[in-house]
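My entries follow in the order in which I looked.

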Amino acid sequence: MKDEKIDVHFILNGRDTTVRFDPSLRLLDVLREELFLTGSKEGCGKGECGACSVIMNGQPVDSCLIMGYQAEGATITTIEGLLSDGELHPLQEAFIDCGAVQCGICIPGMIMAGVALLDERGQKATAGLRSEPAELSLEEIKYGLAGNLCRCTGYVKIFDAIRQAERRLQADQVAAWDSGRLGAAQANATIDAAARERYLPQTLDEALTILAQHGAARRALAGGTDILVKAKDGLFPTRALFDISAISELHGIVDQGDRLWIGSGVRHGEVARSELLRLHALALVSACALIGGPQIRNRGTLGGNLANASPAADSVPPLYTLEATVDIVSLGAQRTVPIEQFFRGPGKSILQPTELIRGISFAKRPNLKGAFMRLGQRQAQAISKVSLAGSAVLEGRRFRYLRLALGAVAPTVIRAPQTESILLNDDWTPKTLRAACQAIKQEAKPIDDLRSTREYRREMCSVLLERVMVALTGPP
Amino acid sequence: MNIVGQRARRPDALDKVKGTARYIDDMALAGTLYAGVLRSPHTHARILRLDTARARQMPGILTALTAKDIPGKNIIPLIQPDQPMLAETEVNHIGEGIALVAGEYRVAVEAALAAIEVEYEPLPPVLTLEEAYEQQRIMAHWKIRRGDVKAAFAQAAIVIENSYHTPYQEHAYIEPNGMLAQPDGMGGVTVHGSMQCPFYVQKAVASILGLGLNQVRIIQMVTGGGFGGKEDAPSVPAAMTALLAVKTGRPVKLIFTREDDMTVMSKRHPGWIKYRSAFTQAGELLAVEVLYVLDGGAYATLSPAVLWRGINHAAGPYRCPHAHVDAYAVRTHKAPCGAFRGFGEPQIVFAAESQMDLAAEKLGMDPLEIRLNNALEVNDETITGHRLAGSVGLKEVIRKVVTAADWSAKRQSYAQSCAGSVRRGIGLAACYYGVGLGSLGRFLNPAGANVLVSGDGSVTLAVGTTEIGQGMVTVLAQIAAETLGSPMECVRVLPPDTSQVPDSGPTVASRTTLMSGNAVRAACLEIRGRMKPLLEGKSLPWADQVRLCVENQVHLAAQGWATPPKTTYDPETGQGEVYITYSFSANVVEVEVNADTGEVLVTRIYSGHDVGKVINPTTGEGQIEGGALQGLGYALVEEHAVQNGRIINNQFSTYIIPTAMDTPEIMPIIVEHEYAWGPYGAKGLGETPIIAVAPAVTGAIVQAVGLRLFEIPATPERVWQALRRKEAG
């Protein structure tokens, strides 16, 4: 299969497009080198700078963290597709008017992220979820652009440009420019048979068959936000990868009555936006809303976050506090393990090369509150130095349920059982909180690394505990 | 004036928002080969054996080269002849190039690099600034001997003495370095690339290939950020690709990965400053005694010049009658440090401004008062004994920023709110910046411009300085239109091409508006002068003016040449009129410090600048906002982690720069004290915005939590540690 190319079909800037390319190419390479659309830029190749942002199925994504074949069936808009009959998009106009452009290398990606933000805002307004004419707040703008680094402008005039475009879109009564519009012609071409067999399994069985046949020589790829970074560092060849995003069995957030089930392919952004999860897993929703920037949240999956087995993974501590179980499958077999037994160390889990995570599930608890707090090196796109999730049911002054889990202070995410029992066994008072704050420092086993120090991390556990407890229940 | 001073739109913005602007990686030529560089894994080692025979034979590989294949001199020509393009016998830092490969495919190049056989004998490295200073591994030394320092300290009411440390800073331009070289078919070579200084690149390529300057043509592509990082450093990849192109007869492209870029390309020098200041009881700065040491890395590159600018501004923008300063750049076995916005000033200004705050504190004065007491004014002398004849807007800048910030009220109210977890503080710092290269770089100082008015009234400018995002194209088009009397829309600024204009020096030192602006203006004045007799008494639209002149055979093209006023310098005393003029700046910064976590949140930056004359307020504000945020990164988060001489945070996930969510409110303030020799009175603005941010931040932290940091960045860990030590007594 060394030199074999594959056909991939997608809708690109409103046109049905079929491209034949080497399966080791990323979407960014396909755009730039096969289609000569060089507006998307490569600043890092690791999903950090956002210069390669495109809009895929209505959401901004980093095209450097998507394998070319993952675009199969997708609707993609690049900076080149923003012009409409030669006219600039109002946001492009606004970038010029506001002086938001300097060296320009980040600008195509920044504009794509901005267009997605304005689209989302427009769609919400149309759906009545957002009251007109309330404008995007500065915080919303910053959050929407947090996945795009700019080193020239200090972002100030970029914020101005977003606001100006928003006003113009409103004034002109232009329904926010809908990137989905360009996708009106559904890509319904049949998937290339070779591509399907090697890179694009469409069912769980097809994916598990690949793993059963090749074991560790192949690796499942979903969001790609970790695995493609490792591939770029040469840890394994991109040809080993295959995409499991299209497998419907891995998707969905399902209310099973007494339990909730989340497919492993559910993305952080979906979690963050889910009303159902907000009701039953607030800690998880809060954590997923803090991961990366928009582009990373729109790609990274819950299953991927587990499989990557980082002790700093933000989605994991909340799952500990929900006492989630991990639903693992291989060809002809399946097993369910409590999440605390899933991880074995940094980058290590019990997942076998022939297995996939199908989903995660946890019991619904009435009146469950949840919170997630973390400290990072900056406000967005930060890997946690230390994180703490809490889920709790408080009745009167007593906790009926309380689970706390710490991230980035041990080889895996850990629960804080001593601290929990102090809080569970006594009334919720300032004194209990003080005792708990002391206890949690003893439960953390942090190390020194690039992001922080052992001592700092240990002490911050108690600061985060106070914040989490106050967020869960209000002050004692 | 109709056009100068207006918020004209950037002519380069349209292509940039459409994604059609062409950066080097967007350029494709048929038959282009990929270049690969074999880099040293050692900080310091002898090369015992280097064999490319096997690599040369590999499929898809056209050539594999070492230093032996260099036809000219294996030296990057700059200040000192110490840096080879490819290491020959010894490697001196991790990532130093030792061999080159060109091949048809990326994978082939990777495989060939792996097939090059190298044997090293590791040698003991010197890895820290302190070690290098102790061993006197000095690559440059400058001094100031001014007044009678001993006597001044003897009569001082107070003496403040401290030691300061500042970190590496990465430029973190979003476009990595890249070059594409091709043989020109006439025995020469043409190189396109991302760069600030085409003429540096030209000299390097010519010298390494043994070609005449007229055989080496350098064209700047649209460049995705520089900040000093693309001043001299691009000469190395340019020469590498040029050598490969000449040897293979094919176009050769080299685009850096982010990791390679951060590992080997230049960065801001880590600094160590021992600073003693003497003040009178009235808060008058009497004298400074300073030791300023920069970690230059393995090769001198621009370190002597960076150090020189630092020492010339060692006391900050204040009168300082007595000074004894020694500045050293020392040699370590790490990647060379070089130019970075501010160019040796941010390090020493962090120390100098902290000293000012400490003196104020000791004397019971307001940080504002002590600065106003000492601020340079017209007819005052700088630390180099330069008597300032005019264009000194420092006091107005300081007054404007403190007024905008409501300094006194906030200073008072924040002082009373020092309980609870989140505590607020406000800080002030000022700086000045000698515009242009000064007497040390005087041979590079002139700039040229060719201006061509075509028969349809369109105007073409060719200049030798570069657009790197700062707004040069816009500003020069405004100056040309203003001077010619044409609409700005008629003016097109060509990409810099060394074959089209005289060597105009580098695009650095906040000199571009001043130098290229004057050259453009001179050429336009000449053309206007030739047009004038025909237009006497007529009021015609521009296009008709041009038509009339063309019909009358008027020569509508001219070359402008700007040579700056004389500067002086005495290396024994460090005294002289070292720069032609100075820009002045002050920042007020507001912070919220979380005493539990040590997190410092900067909420507002009021950033004021005397720029002489602002040619375009929008691009001017852009420089201020961007510089302020880059300065904020320097103050709060940015630093390189180095283990055994290896930079371990060499990507954007680990080298942290501010995101949109880290951006405070930034209030740019522009003050205009016109500079007589400047085009329409303009001085320079590129660098002042970054210089005095860090000391304003640390000054604000002092008010918030009563803690003075002598080392930046003010990371939560560092602030929290210091708070704990303070509480422990």
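I count two strands as paired if DSSP finds at least two bridges between them. Helices (H or I, at least four residues) and strands (E, at least two) are DSSP runs, numbered from the N terminus. This is a predicted model, where local features need pLDDT of at least 70, side-chain atom pairs count only at pLDDT 80 or more, and totals for chains, interfaces and linings use all residues. Residues are numbered from 1 along each chain as its sequence is written, chains are lettered from A and ligands numbered from 1 in the order in which they are written, and side-chain values use heavy atoms, with hydrogens and water left out.

Entry 1, strand 16 of chain A. I looked up its partners. Strand 16 of chain A pairs with strand 17 (residues 398-407) of chain A in the antiparallel sense, over nine bridges. Here A:S391 has A:R403 in strand 17 as its bridge partner. Two residues lie between these strands in the hairpin, and A:G396 there takes a positive phi near 60°. Strand 15 (residues 369-375) of chain A also pairs with strand 16 in the antiparallel sense, over seven bridges; A:R374 stands opposite A:S387. I then checked cover: eight of the 10 residues of strand 16 (386-395) are buried (under 20% relative accessible area; exposed is over 50%, partly exposed in between; 1.4 Å probe, protein chains only).

A:G99 follows helix 2 and has a positive phi, near 70°.

A nonpolar core is a set of buried Ala, Val, Leu, Ile, Met, Phe, Trp, Tyr and Cys residues joined through side-chain atoms within 4.5 Å. The largest has 202 residues, and A:F95 and B:V205 are among those with the most contacts inside it. Helix 10 (residues 345-363) of chain B gives the largest share, 10 residues. Domain 1 (24-124 + 177-255) and domain 2 (271-375 + 387-438 + 572-728) of chain B both contribute, so this core lies between them; the bounds come from an automatic or database domain assignment. A second, separate core of 69 residues includes A:L37 and A:I350.

I found B:Q83 in the loop between strand 3 (61-65) and strand 4 (90-91) of chain B. Is B:Q83 buried or exposed? B:Q83 is buried, with a relative accessible area of 12%. Leaving out residues up to four places away in sequence, B:Q83 touches residues including B:N74, B:Y299 and B:P336.

How values were computed:
Contact = heavy atoms within 4.5 Å.
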